[in-house]
Amino acid sequence: MRRNPSPCRFCGRLPGPGQHRAPGPRGPICADCLEDGLLLVRDGRERISQGGTALTLAPAAQACEFCDRTERRTFFGRLRPLTRMGCTERGSVICAECLERGGDLLNRISRERTT
Ligand SMILES: [Zn+2]
Ligand SMILES: [Zn+2]
């Protein structure tokens with residue numbers, strides 16, 4: 001994997017030296033896109049990724065490619081729509097929960113590296 005890195009699913013960039021990305025079934029998402037995504041699912045505003053692609057809220061029918069869901073189950077067992085970020089240019093979608101999981105993963109990696 002290290003010899004042949006795949007581009008980030010959202011911005012299309014390859015990793016720089018020492019850069020970590022969160023893996024996904026169709027390809028990874030980079031730290032910059034995770035950060036953009038976490039902001040986007042909170043404020044719902046479109047933004048341009050570091051690679052120049054447009055990041056928007058994903059259409060209701062498009063499932064998260066990392067966990068394959070469009071909804072989440074609440075504590076009380078009700079289904080709620082799961083906010084997702086999409087990139088139409090690259091056909092990629094990620095939900096708020098996978099963004100958080102990816103962010104946690106990268107935080108943990110960078111902490112381990114500095115200690
Ligand atoms: Zn990216
Ligand atoms: Zn997901």
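## The end of helix H1

Helix H1 is followed by Gly44, a residue with a positive phi, near 70°. This is a predicted model. H1 itself runs over residues 31–43 and has 13 residues. From its first C-alpha to its last, H1 reaches 19 Å, close to the 18 Å expected at 1.5 Å a residue.

Seven names make up the buried side of the story: Cys33, Leu34, Asp36, Gly37, Leu38, Leu40 and Val41 are the buried residues of H1. An α-helix has 3.6 residues a turn, so residues three or four places apart point the same way.

Several elements cover these buried residues of H1. Among them are the strands S1 (21–22), S2 (29–30) and S3 (47–48). Strands S4 (54–57) and S7 (84–87) also contribute, and so does helix H2 (96–114).

## The zinc site

The zinc ion (ligand 1) has four protein donors: Cys8 (SG), Cys11 (SG), Cys30 (SG) and Cys33 (SG). They lie 2.3 Å from the ion. The arrangement is tetrahedral, because the four donor atoms subtend angles of 105 to 117° around the zinc ion. Along the chain, the donors follow the spacing C-x2-C-x18-C-x2-C.

Cys11 lies in the segment before S1, while Cys30 is in strand S2, so this pair ties together parts that are 19 residues apart in sequence. Cys11 is buried, with a relative accessible area of 4%. Cys30 also counts as buried, at 7% relative accessibility. Another donor, Cys33, is among the buried residues of H1.

## Ser49 beside the site

Ser49 sits in the loop between S3 and S4. Ser49 is buried, with a relative accessible area of 5%. Its side chain makes a polar contact with the side chain of Thr53, at 2.7 Å.

Leaving aside residues up to four places away in sequence, Ser49 touches Phe10, Cys11, Cys33, Asp36 and Leu55.

## Strands S4, S7 and S8

S7 pairs with S4 and with S8. The S4 and S7 pairing is antiparallel, over two bridges. Leu57 has Met85 as its bridge partner in S7. S7 and S8 also pair in the antiparallel sense, over four bridges. Here Gly86 stands opposite Val93 in S8, and Arg84 stands opposite Cys95. The hairpin of S7 and S8 has four residues between the strands, and Gly91 takes a positive phi near 65° there.

Which way do the residues of S7 point? Arg84 and Gly86 point one way, Met85 and Cys87 the other, and all are buried. In S8 (residues 92–95), Ser92 and Ile94 point one way and Val93 and Cys95 the other way. All of these S8 residues are buried as well.

Notes. Residues are numbered from 1 along each chain as its sequence is written. Chains are lettered from A and ligands numbered from 1 in the order in which they are written. This is a predicted model: local features need pLDDT of at least 70, side-chain atom pairs count only at pLDDT 80 or more; totals for chains, interfaces and linings use all residues. Side-chain values use heavy atoms; hydrogens and water are left out. The expected span of a helix is 1.5 Å times one less than its number of residues. Buried means under 20% relative accessible area, exposed over 50%, partly exposed in between (1.4 Å probe, protein chains only). Contact means heavy atoms within 4.5 Å. Two strands pair if DSSP finds at least two bridges between them. Donors are N, O and S atoms within 2.8 Å of the metal (3.2 Å for Na, K and Ca); water is not among the atoms, so sites may look incomplete. Four donors count as tetrahedral if all angles lie between 85 and 135 degrees; four count as square planar and six as octahedral if opposite donors are over 155 degrees apart and all others between 65 and 115; anything else is irregular. A polar contact is a pair of N or O atoms within 3.5 Å; within protein, one must be able to donate a hydrogen and the other to accept it, and residues adjacent in sequence count only if both atoms are side-chain atoms.
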